[in-house]
Amino acid sequence: MSTIKKIKNLKEFSTANDRFEGAHLLCPGCAHSIIVRELMNCTDDNLVIASNTGCLEVSTAVYPYTSWDTSWIHIGFENAATAASGAEAMYKARKKKGTLKDPDAPVKFVAFGGDGSTFDIGFQWMSGAFERGHDFTYICLDNENYANTGGQRSSSTPVGASTSTAPAGRISYGKKQKKKDIVAIMAAHGAPYVAQLAPNKWKSMVKGFQKALDTEGPCFINTVSACTTEWKFDPKDTISITDLATDSLMFPVYEIINGTELNILYRPKNIIPVEEYLAAQGRYKHLFKPENRHVIDAIQKDIDEKWEYLQRREEAKV
Amino acid sequence: MVNESKSVKEFISLEKTELLDWDEVNQGVLLESFNSLNQNPAFLKQEERDYAQTNSYAASVADWRAVKPVYNRDICIDCQNCWVFCPDTSIVSRDKVMIGIDYHHCKGCGVCVEVCPTNPKSLLMFVEREDVDEALSKWPEKKKKSKGEEK
Amino acid sequence: MAEKIDLPEVVVWDGNFAAANALRQAQVDVVSAYPITPSTPIVEGYGKFVSDGYVDGEFVMVESEHAAMSGCVGASAAGGRVATATSSQGFALMVEVLYQASGMRLPIVLCVVNRALASPLNVRGDHGDMYLGRDSGWIQFDAYNAQEAYDLTLCAFKIGEDHSVRLPVMVHQDGFITSHTAQNVYPLSDDDAYGFVGKFKEMDEMLDFTRPVTYGAQTEEDWHYEHKAKQHKALIDSRSVIDKVFEEFEKKTGRKYNRVESYMMDDAEVAIVALGTTVETARLVAKQIREEKGIKAGVVSPRVFRPFPFDDIRDALKNTKAVACFDRSSPGGALGMLYNEVSGALMTLDKMPIMTNYIYGLGGRDLTTQSITEVYEELAKNAKDGKRSGKVQQFLSLRGPKMEYFE
């Protein structure tokens, strides 16, 4: 039985009672908490949340304070997906045995991880949980680096970005390797619902979250989380940078249902050149040197090809 | 502010948190969110909840700010943009109507000002020590769009 | 409803199958596991129980041992009875989660089938994995045979889940020598076993929505020390619950477990301290050498080596003249754990016995009664001379020139 609550517009959405409290330690302007709030407000169900080590975990559960109004667990860097798996299995076992305190209370299991834990160190754990088919939703808060420890590169860091372990320098333009296509990888696991969502497009994010929570089985959502500290922009610009990310199609917003139905959820009225997005962040400023301009061209080319691919796949319904 | 719960006597700065002895800390580093809960917190407003002292809601990050947002009720159209995009659960809205800023938890990031669509904006940043009424009296006029200027 | 199995009074089980049956009878809610030699049959046996309808709980076959323990932690925090099994490399892989589990004070039972750690790769019985987990903050038992593996696993649930304890518990058994050796075991009936372990009593469960809890917080330098001290105290204090449960178990079965087992120690002048199957071999030799050579030999073995049985070890050995500590783990440039910890306890005596350390049995190398006999004879000589005849540390049954260190 579906427990999705109808949210027609932002005014209606604003009547939700926040279950993510302030006085956490995230940087002013951090998009992580915007995303977490959109998730926790999109449903009234009880939530059991697991978090990998990372900015979110380290800022919301530092003894003696917790910012979570629902049960929450952090074990280590890799294993939020497995913590959620274990909790979900316990729920199933106790439901079968009739030992739950409130067996009719709706509950959803959610795991959060940054890109570092999702794309890299925790990949196996997430992959295993998806293969086993646990009923949970995995949300990646993608700020394209190991932000918690000072901005080291991850396999989510895009080409040309400068990070502390692959910095731009005299002979290097930053990261050379392409970003892993995590959405495609998770769709290939046979997950019933995967998506890439953005917090500025709150309506499609909320709808996507709701769909994932409501879909039985493991669902994966990658979310673009603009990082004021490591992307190097003013904290007040988090949403406008995210606007540039979605309007340049650096971060296309789309979903894949049952591995075959791809729907593009945001079509920019005017697609802006990626150069505008790159120019707004300190981590890309070295690309504007004449010797690095070819990298910007390569980035634009990849974006164009990806957008073309998404549109074709949406049309072909495969 | 309307979202203040009676369970918190004083919103103390994180810095001033009292240090406990080994026999006073929670077993297993466990943290509780509430003292008591008679229903799912999703159905309770913040002011209706019995927060535990170990909930970060009971703490204050006001001392993080160098600048603060000031809210102008007269201009606001209750669009709720600021509410949805606040990273610190510091925009207080009740029954689709904007109430104001929770200054215990606001870090002064300025996102709310940027996403405010009105002209002039209904939220503006002022230095921390500025008196709110003073700030309201200094509110700018509507900005005229010159030809070719982007919105 | 899970079906029961009508067990006869005595069965022929190896250590692995004994552990698997204990898990079945305890009615574990979630077993989150991964296979590794020589513990694999525990997981296979349990999997067969599941597929034949003898288990009500969930059986989650995860993708690595680290995930196995992570799943156990998530399940235990959610609230319920949790267990798993592993060995060696798998144990090593899950080590960080072992510390996380105990730090969060979550009851979990881990059956460890002791096997050597690579490199070189070896699947045989050795205590390398056991020694790796010493400081992980778990209560740790050692079983010397299949009966004990079965009994101690049942006790482990009752002890770890006690609300005044709330700690994870390991039950060790020797790889292959115990785990794969068919032995007589006297099991409890399904009803008696579950009745002894009892129904799981929830505490701080994530699935209690009337009381949301946060697990796994970070502690800065202002807080960490107090939390770890509190955890240490919990381990030390668990001794009284362990003793109580062992007493209850004796009433139920007639089998008495002690935190330190003493064999022929009343008048012993020399003693061997050991863990695992070596204990039974040493007991055999001690009895023999008393009859044949008149050496007053005894055997002391920790049954519960975490929390370390400081007082009981000292009491057991206080009247001896020479003690040999046997360590079945690659010493890595130092003396063995049993030597270090037992010596540490005995240092509080007015007169310490002469202490020696024997490294043996690595990677499944057999330890013969002949070797033990020779050790007792060396101990008798040390006792008579009032000093060590050789160096402190020796390697038993090592091919090549004699290896000994420290004097």
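I count two strands as paired if DSSP finds at least two bridges between them. Helices (H or I, at least four residues) and strands (E, at least two) are DSSP runs, numbered from the N terminus.

A note on the source: this is a predicted model, in which local features need pLDDT of at least 70 and side-chain atom pairs count only at pLDDT 80 or more, while totals for chains, interfaces and linings use all residues. Residues are numbered from 1 along each chain as its sequence is written, and chains are lettered from A and ligands numbered from 1 in the order in which they are written.

**Strand β4(A).** I looked up its partners. Strand β1 of chain A, residues 46-51, pairs with β4(A) in the parallel sense over four bridges. There I found Ser51(A) opposite His74(A). Strand β9 of chain C, residues 213-215, also runs parallel to β4(A), with two bridges. Here Trp72(A) faces Thr214(C).

**Side chains.** In a regular strand, side chains alternate between the two faces of the sheet. In β4(A), residues 71-74, Ser71(A) and Ile73(A) point one way, Trp72(A) and His74(A) the other, and all are buried. Buried means 20 or more other C-beta atoms within 10 Å of the residue's own, with C-beta atoms placed from the backbone.

Conventions. Buried ≥ 20, exposed ≤ 12 C-beta atoms within 10 Å, placed from the backbone.
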